[in-house]
Amino acid sequence: MASTTPTDTPPAPPVPRPSPRSTGRMGDKIFLGLSRGSGILLLVIMASIAVFLTYRSVLAISKDEGNFLTTFDWNPAGDPPVFGIAVLLFGTVVSSIIAMVIAVPIAVGIALFISHYAPRKLAAPIAYVVDLLAAVPSIVYGIWGALVLVPYLEGLNLWLDQFFGWTYIFEKTEVGVARSLFTVGILLAIMILPIVTSVSREVFLQVPKMNEEAALALGATRWEVIRLSVLPFGRSGIISASMLGLGRALGETMAVATVLSPSFLISLHVLNPGGGTFAQNIAAKFGEADAFGRDALIASGLVLFVLTLLVNGAARLIIARRKEYSGANA
């Protein structure tokens, strides 16, 4: 007869932890209900906004004698009314791209300096100043941009035209002050820089110290530790921070309206004065528009709403794929 040894005894099953639903604690039930209600309320609000924008947009677009997507003009008060978003979409996308190209690399560099290079006595004040800049109102940036940034960019525009005019993008073909999409992009980069920096810094500080110490023990330099351990760990956070900054750049209103000289012309010469964005056009024309004109502006707002949703959805998809890829290679 075979004897039973202790090694033949199956392990005891893990004791399941009670979920908030199975516990009788009133606090857990209240918290579960509030969390669920908040999520449902958020969806209801988003759906309500989408329905309202769509309804008012249909009223305006149905009377538009031009093509809403390709028309360059904006004259909903004309007879017949003609308006389109081609210039606004172009200006919004171009200025946001310029802002992201300038802001994201600088923000990541500042975040790395604060989290991994600067002494603690120096890192804390710098982090405080960066967080403080993120709370500055948009109109303050706009006034500073109009009074300080625009005059000082004249020299930079001439330099770019002289040495990089052959790229066509930096060729300045019109005379005028630097109230262009390039100026707007620089101003937006300054505005979103603190946001991207703050979020990236917090992500870099969450990198497991064991990974960094292991790399240093193997003889890696400080840059190799950052390249092999910190940046891969914080890539999803950098993407999230960039999308958060891009959301502000897409919807910025007062600062852009203060700096930009609006015109309904599309030009790849980003140094030329003129251009337009969705938010700037709404802020400039809403006060003087009649009921139909406000519906037309709401229609352009719907496009900005959809554009923002697409950007955030793409960011969530990228982050999800990164997590799946990291989990598969773990």
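1. Nonpolar core. In this predicted model, the largest nonpolar core holds 53 residues. Those that touch the most other members are Trp-74, Phe-83, Phe-182, Leu-187, Leu-188 and Phe-204. Two or more residues of this core come from each of helix H2 (86–117), H4, helix H5 (181–205), helix H7 (222–251), H8 and helix H10 (291–329). A second, separate core has five residues, among them Ile-114, Ala-118, Ala-127 and Val-130.

2. Surroundings of Trp-74. Which residues does Trp-74 contact, once its neighbours within four places in sequence are left aside? The list includes Val-82, Phe-83, Gly-84, Ile-85 and Leu-88. Further along the chain, Trp-74 is in contact with Phe-264, Asn-281, Lys-285, Ala-296, Leu-297 and Ser-300. Phe-83, one of these partners, is also named with Trp-74 among the core residues that touch the most other members.

3. Nonpolar surface patch. A nonpolar patch lies on the surface and is formed by Ile-139, Val-140, Ile-143, Trp-144, Leu-147, Val-148, Tyr-152, Ile-190 and Met-254. Together these residues have about 860 Å² of accessible area. Helix H4 (residues 138–164) gives the most to the patch, with seven residues. Met-254, another member of the patch, has its place in helix H8 (residues 254–259).

4. Salt bridges around Arg-201. The whole structure contains four salt bridges. In one of them, Arg-201 pairs with Asp-131, and the closest N and O atoms are 3.4 Å apart. Arg-201 belongs to helix H5 and Asp-131 to helix H3 (residues 120–133), so this pair ties together parts that are 70 residues apart in sequence. Arg-201 also forms a salt bridge with Glu-202, where the closest N and O atoms are 2.9 Å apart.

5. Is Arg-201 buried or exposed? Arg-201 counts as buried because its relative accessibility is 6%, under the limit of 20%. Its two partners are placed otherwise: Asp-131, at 34% relative accessibility, counts as partly exposed, and Glu-202, at 39%, is likewise partly exposed.

6. The Arg-248 and Glu-252 pair. Another salt bridge joins Arg-248 to Glu-252, with the closest N and O atoms 3.7 Å apart. Arg-248 has a relative accessibility of 19% and counts as buried. Glu-252 is buried as well, at 6% relative accessibility.

7. Asp-295. This residue is found in helix H10. Asp-295 counts as buried because its relative accessibility, 9%, is under 20%. Apart from neighbours within four places in sequence, Asp-295 is in contact with Arg-56, Ser-57, Leu-59 and Ala-60.

8. Glu-171. The loop between H4 and H5 contains Glu-171. With a relative accessibility of 30%, Glu-171 counts as partly exposed. Not counting residues up to four places away in sequence, Glu-171 touches Asp-161, Gly-165, His-269 and Asn-272. What separates Glu-171 from Leu-268 in sequence and in space? The two are 97 residues apart in sequence, and their C-alpha atoms are 9.0 Å apart.

9. Record annotations. An unreviewed UniProt entry places the feature "domain: ABC transmembrane type-1" at residues 89–315. Over that range the chain is 76% helix and 0% strand, with the end C-alpha atoms 20 Å apart. The unreviewed entry also lists "transmembrane region" at residues 39–62, 82–114, 126–153, 180–200, 249–271 and 296–319.

10. Two of the listed ranges. Over residues 249–271 the model has 39% helix and 0% strand, and the end C-alpha atoms lie 19 Å apart. Over residues 296–319 the chain is 100% helix and 0% strand, and there the end C-alpha atoms are 35 Å apart.

Technical notes: Residues are numbered from 1 along each chain as its sequence is written. This is a predicted model: local features need pLDDT of at least 70, side-chain atom pairs count only at pLDDT 80 or more; totals for chains, interfaces and linings use all residues. Side-chain values use heavy atoms; hydrogens and water are left out. Patches are made of residues with over 30% relative accessible area and no salt bridge: like charges are joined within 9 Å, nonpolar side chains (Val, Leu, Ile, Met, Phe, Trp, Tyr) within 5 Å. Accessible areas come from the Shrake-Rupley method with a 1.4 Å probe; for residues, only the protein chains shown count as cover. A salt bridge is a side-chain nitrogen of Lys or Arg within 4 Å of a carboxyl oxygen of Asp or Glu. Helices (H or I, at least four residues) and strands (E, at least two) are DSSP runs, numbered from the N terminus. A nonpolar core is a set of buried Ala, Val, Leu, Ile, Met, Phe, Trp, Tyr and Cys residues joined through side-chain atoms within 4.5 Å. Buried means under 20% relative accessible area, exposed over 50%, partly exposed in between (1.4 Å probe, protein chains only). Contact means heavy atoms within 4.5 Å. UniProt positions are given in the numbering used here, feature names are shortened, and annotations may be inferred rather than shown by experiment.
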